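Me: I have a model open and would like to talk through how its pieces pack. Could you go through it with me?

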Amino acid sequence: MNKENKHTISILVENKTGVLQRVSGLFTRRDFNINNITVGKTAEPGLSRITITTYGDNRTLEQIIKQLNKLIEVIKVREMKPEQTIRRQLALLKIHAPTEQDKSEIIQYTNIFRGHIIDVTPKTITIEISGKPDNINALMDLLRPYGIKETAKTGITAITRGQKTL
């Protein structure tokens, strides 16, 4: 997909049972795809923030926002423009590292990308890295020749820059 068609949407919702199901069901019924989704409580009691990354043209984005605003538990919906947003992701990567040289090289790459070694076994190293999705993907590209045995990644979470809030 074209990066110009990628949209991050922030949805402030009442923290009630079934809200996430209604939001994701709306996407399903309207044939909109969810690329990433994260959910978490906000500092405001009783409210949660759902961050969704999706693809589509501006007309599709407009429809998504209109449909989300129709849901009773939705307080506010906003597209998060890349230039006004800090976006981060977390990844756990288990890498094949049977030799000391492999371990040493993997540790060096991990340090360059400001990751952390969180587990070492005789044949694997597990890394934790958080940051921009492009940086995580770049580290994964460097580690792929060693053999990535397992990957767990969160969805992208985002917050607006400066004093502006949702």
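Me: How are α1 and α2 oriented to each other?

Reply: This is a predicted model, in which local features need pLDDT of at least 70, side-chain atom pairs count only at pLDDT 80 or more, and totals for chains, interfaces and linings use all residues. Residues are numbered from 1 along each chain as its sequence is written, and side-chain values use heavy atoms, with hydrogens and water left out. The axes of α1 (residues 19-29) and α2 (residues 58-69) come within 11 Å and cross at roughly 140°, so the two helices are oblique to each other (the class left over once angles under 35 degrees count as roughly parallel, over 145 as roughly antiparallel and 65 to 115 as roughly perpendicular).

Me: And is the crossing left-handed or right-handed?

Reply: The crossing of α1 and α2 is right-handed.

Me: Which residues meet there?

Reply: From α1, V23, L26 and F27 meet I64, Q67 and L68 of α2, where contact means heavy atoms within 4.5 Å. The residues of this contact divide into five nonpolar, one polar and no charged.

Me: Switching to strands, how many residues of β1 are buried?

Reply: Seven of the nine residues of β1 (residues 6-14) are buried, meaning under 20% relative accessible area with a 1.4 Å probe, so β1 is largely enclosed by the rest of the structure.

Me: What does β1 pair with, then?

Reply: Nine bridges join β1 to β3 (residues 47-55), and these run antiparallel, while five bridges join β1 to β4 (residues 74-79), also antiparallel; pairing requires that DSSP finds at least two bridges between the strands. E14 has L47 as its bridge partner in β3, and S10 has R78 in β4.

Notes
Axes are lines fitted to C-alpha atoms, for helices over the stretch in contact, and angles run from 0 to 180 degrees between N-to-C directions. Helices (H or I, at least four residues) and strands (E, at least two) are DSSP runs, numbered from the N terminus. A crossing is left-handed if the near helix is turned anticlockwise from the far one by less than a right angle, and right-handed if clockwise. Ala, Val, Leu, Ile, Met, Phe, Trp, Tyr, Cys and Pro count as nonpolar, Asp, Glu, Lys and Arg as charged, and the others, Gly among them, as polar. Buried means under 20% relative accessible area, exposed over 50%, partly exposed in between (1.4 Å probe, protein chains only).
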